[in-house]
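Colleague: Hi! Could you walk me through this one before I set anything up? I'd like to go through it piece by piece.
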Amino acid sequence: MALRVYNTLSKQKEDFQTVQPGKVSMYLCGPTVYKPSHIGHMVGPVIFDTVKRYLSYNGFDVTYVINITDVDDKLINRARENNTSIEALAAEMSEDYFDCLKTIGVDTVDEFPRATKYIGEMQKIIGRLVESNKAYPLNGDVYFEVTSDDDYGKLSRRNVDDMLAGTRVQANDQKHNPADFALWKGAKEGEPGWDSPWGRGRPGWHIECSAMSMKILGESIDIHGGGLDLLFPHHENELAQSESCTGKPFARYWMHNGLMQSADASKIGGAHDASGDAVPDQQSQEANKLAGSLGAESVKTAVFAKFAPETVRFFLLSTHYRSPIPLSEDSLVDTGKSLEGFYRLFDAYERVTGHSFYDIGAATSRDQTVSLDEDPADFFGELSHLRDRFLQAMDDDFNTGGGIGVLFEMRKCINGFVVQQKLDAGGSTDEAAIAAWATAMTLLKELASLLGVFRQPQETSGPTDDAFAGQLMDLIIEVRAIARKDKQFDIADKIRDGLTALNVTLEDRPDGTDWRRE
RNA sequence: GGCGCCGUAGCCAAGUGGUCUAAGGCAGCGGAUUGCAAAUCCGCCAUCCCGGGUUCGAAUCCCGGCGGCGCCUCCA
């Protein structure tokens, strides 16, 4: 089955056809770097990182760009409040953003262009629009003339007339049409600015993405992504100004991810931290409180400090990317629990074979997927079927949730094989069976890598898991083993119960006793 | 007022015209295994918000309700 992608522009899934054969250009709207990243900032990058992994696996040469907005009102205000420069604040907050991306396993991004480095490009576009009468200067600003674009509104499916009815748009100023939007904003007293043919000022919100996308990836790109909240007005305006400038389709596929919401379905982030003149009502304050530390605050301190980054990534990918993601502490806890079975499987594999799952070199292209032709036929036959289902899910508009389900089934299938072949019962020498196990693990690694998970061991060691604790546990286990050998089960159980109370779980295996902290 | 989305088991969630009396996870309940546990395996656990309609056939399409949500505010 061919890859199909949902396109916001057509409102349907389309066969994936690139502008240039074998190449994919992908642009994701990134953050305004004025405060530490919250978990919502991770959603898009993780999704499109996964998209890139899957496209690469399918043989495409993908270029993935995320922009950094480093000039903006929020940035200006925040820098002023903090008594720092815009540059310093932007630098600090982009570092925070990059750290977070790295932590959550987003490492496929090719370039993070900064808006302030492309002012010249933006001015070129604005100049062309003004020349062709699709934009007009007004009191130091420059506005895009929406009525000059006959298909304005095609992305978000609205027309200018409908839009104005009932909005809070002030019938203000002298704009030709209230829906006209700023390409260039004249600098007020004390604001940063750049010289331009229309006076000193700074770019409007949308123009930076047009400029960077065109300059870095070309006038027509394959995928333009972003959160659903950006659909209007940001993407609509970006599209309008870009196509009005070049006369070419700006992006082939518009992909929009659902937004993260707190458990009671209120959006995280939201108007509360915006301009400050929005007065949050009591209910939304409550909602914000629920989202609380998890959603609204720095993802580093609120989320990564409590949950393994891999758990967070898995959680983000377990819902379809176009759906809202209901965030709650409980759902992250559940996700974490659901992953433990994988980690135990990896442990068992290493215990028996001496090889780490994380060292397995799996295929990175669909053409070179692991061969499942040899015996034992039943086991490999099932694995092969699971692989097909995984790829089918991913082929269908990157259905990572469906793919994750298949991964769980694969885990069960492999565990079943291990039990059936008694591979983990201590000292198995069945080389053919162990080889089959290794093959299965290679496949699991291959598919998990497409989601960007199970790439590295998770740091599970807590502060007390030091060498001393290990030595103590070795001693306790040894003493308990003697008790068990002598059938002094009351003693053995007292030890185990005592450890349980300390959140230490013992596992008696045929070949010894393992322990872990919960 | 305009544009749009969603409603699947206790919870999360895939499936969007037939293989669906519906994948998978968490929780729960039986069983195997174990000295007992833990882990693992096997089994059980939903007719898809409600009412009409289209169709040989609908969770899936259409209409109408009810419920939830988003955008129209430079929030990813």
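Colleague: Which residues of H13 are buried?

Modeller: This is a predicted model, so everything here is computed from it. In H13 the buried residues are Thr 400, Gly 403, Ile 404, Val 406, Leu 407, Met 410, Arg 411, Cys 413, Ile 414, Phe 417 and Val 418.

Colleague: And what should the span of that helix be at 1.5 Å a residue?

Modeller: H13 covers residues 400-420, and its 21 residues should span 30 Å. The C-alpha atoms at its ends are 30 Å apart, which agrees.

Colleague: Nice. What follows H13?

Modeller: Lys 422 does, and its phi is positive, near 55 degrees.

Colleague: Where else is there a positive phi in a residue other than glycine?

Modeller: Arg 157 is one, with phi near 55 degrees. You'll find Arg 157 in the loop between strand E6 (141-144) and helix H5 (160-164). Asn 503 is another, with phi near 65 degrees, and that residue sits in the loop between helix H16 (489-501) and strand E13 (504-509).

Colleague: Switching to helix H10: how many of its residues are buried?

Modeller: 9 of the 9, so H10 (residues 309-317) is largely enclosed by the rest of the structure.

Colleague: How many bridges join E7 to E8?

Modeller: There are 3 between E8 and strand E7 (residues 181-186), and the two run antiparallel. If you want a pair to look at, Lys 185 stands opposite Arg 202 in E8.

Colleague: On to helix pairs. At what angle do H2 and H3 cross?

Modeller: Roughly 105 degrees, with the axes of H2 (residues 73-81) and H3 (residues 86-103) coming within 9 Å. That makes H2 roughly perpendicular to H3. On the H2 side the contact is made by Leu 75, Ile 76, Arg 78 and Ala 79, and on the H3 side by Ile 86, Leu 89 and Ala 90.

Colleague: What about H7? I'm curious where Asn 237 is.

Modeller: Asn 237 is in helix H7, which covers residues 231-246. With 2% relative accessibility, Asn 237 counts as buried. If we leave aside neighbours within four places in sequence, Asn 237 is in contact with Tyr 152, Phe 181 and His 206.

Colleague: Good to know. How many disulfides does the structure hold?

Modeller: It holds 0 disulfides. Cys 29 is in none, and the nearest cysteine sulfur, that of Cys 209, is 3.8 Å away. A disulfide needs the two sulfur atoms within 2.5 Å.

Colleague: Are those cysteines buried or exposed?

Modeller: Cys 29 counts as buried at 12% relative accessibility. Cys 100 is buried as well, with a relative accessible area of 0%.

Colleague: Last one: how many helices and strands does chain A have?

Modeller: Chain A has 16 helices and 14 strands. Of its 518 residues, 48% count as buried. For contacts in chain A with a separation of 6 or more, residues 24 or more positions apart account for 74%.

Colleague: Great, thanks!

Definitions and conventions: Residues are numbered from 1 along each chain as its sequence is written. Chains are lettered from A and ligands numbered from 1 in the order in which they are written. This is a predicted model: local features need pLDDT of at least 70, side-chain atom pairs count only at pLDDT 80 or more; totals for chains, interfaces and linings use all residues. Side-chain values use heavy atoms; hydrogens and water are left out. Helices (H or I, at least four residues) and strands (E, at least two) are DSSP runs, numbered from the N terminus. Buried means under 20% relative accessible area, exposed over 50%, partly exposed in between (1.4 Å probe, protein chains only). Contact means heavy atoms within 4.5 Å. Two strands pair if DSSP finds at least two bridges between them. The expected span of a helix is 1.5 Å times one less than its number of residues. Axes are lines fitted to C-alpha atoms, for helices over the stretch in contact, and angles run from 0 to 180 degrees between N-to-C directions. Angles under 35 degrees count as roughly parallel, over 145 as roughly antiparallel, 65 to 115 as roughly perpendicular and the rest as oblique.
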